[in-house]
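Okay everyone, let's get going.

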Amino acid sequence: VFAHVVRAPEDPILGVTVAYNKDPSPNKLNLGVGAYRTEEGKPLVLNVVRRAEQMLVNDQSRVKEYLPIVGLADFNKLSAKLIFGADSPAIQENRVTTVQCLSGTGSLRVGAEFLARHYHERTIYIPVPTWGNHPKVFTLAGLTVKTYRYYNPATRGLDFEGLLEDLSAAPSRAIVLLHACAHNPTGVDPTLEQWEQIRKLMRSKAMLPFFDSAYQGFASGSLDGDAQSVRMFVADGGECLAAQSYAKNMGLYGERVGALSIEQIEIPVVSVVVGVKERRNSFKDILVLFVRVPRLMYFCHDSQVCKSADVSAKVESQLKLVIRPMYSNPPIHGASIVATILKDSNMYHEWTVELKAMADRIISMRQQLFNALQAKGTPGDWSHIIKQIGMFTFTGLNAEQVAFMTKEYHIYMTSDGRISMAGLSSRTVPHLVDAIHAAVTT
Ligand code: PMP
């Protein structure tokens, strides 16, 4: 009965590893997968993670019962603090609902399903390019996906004018997907000043920011530094969604640990209706509130004064309806590791040190690759390698050059020329440089 089923293509990213695994060459190099490798090319389990696991194993009181639908309570609270900041007013004012989900992907999916059911504007704008799974996650959740310009191949940097133009032309109240830091695949992030302009523009149009935070701390080595974009949006009192992943920054890839937070605003509807100043104080801000009225009304429809804790509880109840038929409740082990580390100040510190070491090794790989290309005299400007941020470099190599490097040098990467810097080591840099040199000169 399934004879008619057609073979689907391999996932463009995970398919790279499938091809790599089949290659018998001893010189093969996998720069496709977004997973950290040590200088020896081995996967890394953080010491602090091993220690947390040991503590969990030794604790005889622990059982394997189901978690609640929304996951581990401690994990949720600590995750919200990690992304929004320990002293975030949004958390203190009970304006944040956090649910444990299946890593970053699951958090995006649950958030998108919630928006498709409960947010009146079902269009989400995603950057071009973006992580290949984004359009699929959002489309399958029931959102309409549209794009905004992000990357300028000519400068190998941000197309800031294009981004502003596209968001300005997009409808008010649209959802906008933003990479919190270390944009994948380009490694190009807006500066803080540019973030501020994006924030102003989006707030003036009452757009809803949906942050994808898959690399917090992994980009710069600073957890707070890498959350600045999100915190800027939270600090202005407007709504925001954030999907967090602990895959990269805690190396918990296969444990599938992540969180979705929905932060909403606290404005008495009555003050919006009569234009009384509450948190806002300029005429323009009051106008913005009027643009937002339908959305506020939605959240606050049955009370004259919008009680944030009440809204959070309602949002959580609806998130449960999204999660229960999908996977019932999330797994316990990874979230327990994260909660153990986040709630103990010594372990937290140990984590930040190990995280910084991973980030620093990647930054040093950028420098080594750049230096080696310079030393070899490979034609072209390669300065983007040291300017880009996070796990990936968008090399600028085209699909043909990538295919050549795979065939002749057994180097595997996605066809858009993205390489994972975390997959590189001092030992493999010369091989990659030879391949790039040959690809651009033949
Ligand atoms: N968003 C982005 C931008 C990513 O790069 C990734 C991982 N490649 C994810 C989300 C989700 O990863 P995971 O589901 O493994 O946490």
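So, which residues in α2 meet which residues in α14? Before I answer, keep in mind that this is a predicted model. On the α2 side we have Asn47, Val48, Arg51 and Ala52, and they meet Met347, Glu350, Trp351 and Glu354 in α14. By class, the residues of that contact are four nonpolar, one polar and three charged.

How do the two helices lie? Helix α2 covers residues 47–58 and helix α14 covers residues 345–376, and their axes come within 8 Å and cross at roughly 150°. Anything over 145 degrees counts as roughly antiparallel, so that's what α2 and α14 are to each other.

Okay, on to the strands. Take β3, residues 123–128: six bridges join it to β4, residues 144–149, and the two run parallel. If you want a spot to look at, isoleucine 124 stands opposite valine 145 in β4. To get from β3 to β4, the chain goes through helix α6, residues 133–141, and that β-α-β crossover is right-handed.

β3 also pairs with β7, residues 175–179, again in the parallel sense, over two bridges. Isoleucine 124 turns up here too, opposite isoleucine 175 in β7.

Last stop, the ligand. Which residues are around it? Among them are Gly34, Trp131, His179, Asn184 and Asp212. Helix α5, residues 103–118, gives the largest share of that shell, with three residues. Sorted by class, the shell has three nonpolar, eight polar and one charged residues.

That's my tour, thanks.

Methods
Residues numbered from 1 in each chain as written. Predicted model: local features only at pLDDT ≥ 70, side-chain atom pairs only at ≥ 80, totals over all residues. Axes fitted to C-alpha atoms, helices over the stretch in contact; angles between N-to-C directions. Helix = DSSP H or I, 4+ residues; strand = E, 2+ residues; numbered from the N terminus. Parallel < 35°, antiparallel > 145°, perpendicular 65-115°, else oblique. Contact = placed C-beta atoms within 7 Å. Nonpolar A, V, L, I, M, F, W, Y, C, P; charged D, E, K, R; others polar. Near = placed C-beta within 6 Å. Pairing = 2+ DSSP bridges. Right-handed = clockwise from strand over helix to strand, strands pointing away.
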